[in-house]
Amino acid sequence: FRSLYCRVRHCVLAVVIILVALYSFYSFFFFLMIRRPPRSTLFPYTTLFRSSIGQLLAALGTLVGVRILTEYISPGVFGTYKLSFAGISLVSAILVRPIIQFAMRELHDAKKLGAMASYIVQIRGLLFRVIFIVSLIIGAASYILTYYITNLSLVFTAIILLLLAAQSSVEFERAIAVTRNRQLEASIVSVAKSWLVPVIIVAVVAITIESIFSMLLAAVVVLGIINLCQRISQRSRKSQSAESLSYMSMGELSKTAFKYGRPLAIVGILSWIIHESDRFLLLYYHSKEVVGIYSAAYGLVAAPFTLVVGSMAQFLYPIVFNASVENKKERKIYALKSMLFTSTFISVIGILLVLFLGEQIAWVALGAQYRVQAVELLLWVAIGYGCLAISMSFDLAAYGDKRTSDLLIASSISSALNLIMNLILIPEYGALGAAISTMTALICYLIVMSLLYYWHNKEYFHKEI
């Protein structure tokens, strides 16, 4: 029976490889039908090529990063590191990401009015003000709490705030590059982050000691250097660009950003519940080591899905947003259908690979302390993030139409389901319960977003474009 199973598995993998090879040729020409190729004669579709190669290298860097971190960092310290980033993610989801999403969408309106340069300066200033105010509030709260919580370190709080500022600035500049269709610049940032952060962390730990402080400081240094390079590039490009018209006052821009981002802030909290809150429940009911093993399995499987499909989103952001501004609905829906078809195919392939090669993937990509317990989590995470990758098409449509209430509805339902299942499953089943809960919530999110998308576009749904 085992011999038959191995033969069937090898046959299925051979078919999968052939299908991927055939589909890669088809998808190239399929994307050419969406948008006219740029003027490059060296490669007929430079933009798609750059974003795809960049995301591929970033995905590879993420896998290498997981491998070296789990090889040299113990599960307990790695779990604390991931818990720190989960806390940063909550603040970022509430305050930073809504501004970044607004900046990407509104830039095309500013460009249409000839005020793009002044708009970028204004929205960057708004982001920095928000980060500064948040840092003051968190810093003051931490200072007060040191009188009541003896093990609360102000140095640790300062490092966390520096990491929040550096990461937010890097992501903002990268998002602006994406929406301006500067795919090479955005890809370089993604690749630099995925490769340099884990490598520098391991190097610092090897030189000093294995601690959460050394890991976070290394991450701050890397992100700070990346952001410095981004700003130098912006200054050199700004000196060559022409002046633009004034877009709007800072007060009006703040009101518009608040109106657009208010639902997204709530969505950010709900999304954090789905993707990050389970780590704190695992810490409460189990240990930091369990958090570390779960985070390693999570990062190993989830990152390739989001990065590969993210290359399509990176490519299609300017297309969809421009089509929304110019009210070209057929063009927008056509682009989104292509992304939906491609992301579905890639997700199915990824899930099959994890199903048949889960043990081999864990052995190659994880350190010895993580492998045994992480294997049983991989398939559940793969199914969940395959569904999330498919739902990115519907997310992009909602952002393009400024219909962020759809995200709020879907996130509310799926986060409530996730929280209930986590409270039931995590105390008994630990990391496996967290993985199953996340998978169920992401399947629910996909179903709700697809129904909402169909509801808003049903008159175009069966129309030939």
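## Exercises on a predicted model

The largest nonpolar core holds 111 residues, and Y81, Y119 and I123 have the most contacts inside it. The model is predicted.

**Exercise 1.** Find which residues Y81 is in contact with, leaving aside its neighbours within four places in sequence.

*Solution.*
1. Start at Y81, one of the residues with the most contacts inside the largest nonpolar core.
2. Set aside the neighbours of Y81 within four places in sequence.
3. Y81 is then in contact with V197, I201, I212, M215, L216 and A219.

**Exercise 2.** State what parts the pair E171 and K193 ties together.

*Solution.*
1. The side chains of E171 and K193 form a salt bridge, at 2.5 Å from N to O.
2. E171 lies in helix 5 (residues 154–179), while K193 lies in helix 6 (residues 183–207), so the pair ties together parts 22 residues apart in sequence.
3. Now check accessibility. E171 has a relative accessible area of 25%, so it is partly exposed.
4. K193 counts as partly exposed too, because its relative accessibility is 22%.

**Exercise 3.** Work out which residues salt bridges with shared partners join into one network.

*Solution.*
1. Take R279 and E276. Their side chains meet in a salt bridge of 3.8 Å, N to O.
2. Take R279 and D278. Their side chains also meet in a salt bridge, here 3.3 Å, N to O.
3. These shared partners join E276, D278 and R279 into one network.
4. Buried means under 20% relative accessible area. R279 is at 4% relative accessibility, so R279 counts as buried. D278 is at 0%, so D278 is buried. E276 is buried as well.

**Exercise 4.** Say how many salt bridges a search of the whole structure finds.

*Solution.* The search finds 5. Among them is the bridge between E171 and K193.

Methods
Residues numbered from 1 in each chain as written. Predicted model: local features only at pLDDT ≥ 70, side-chain atom pairs only at ≥ 80, totals over all residues. Heavy atoms only, no water. Core = buried A, V, L, I, M, F, W, Y, C linked by side-chain atoms within 4.5 Å. Buried < 20%, exposed > 50% of the residue type's maximum accessible area, 1.4 Å probe, protein only. Contact = heavy atoms within 4.5 Å. Salt bridge = Lys/Arg side-chain N within 4 Å of Asp/Glu carboxyl O. Helix = DSSP H or I, 4+ residues; strand = E, 2+ residues; numbered from the N terminus.
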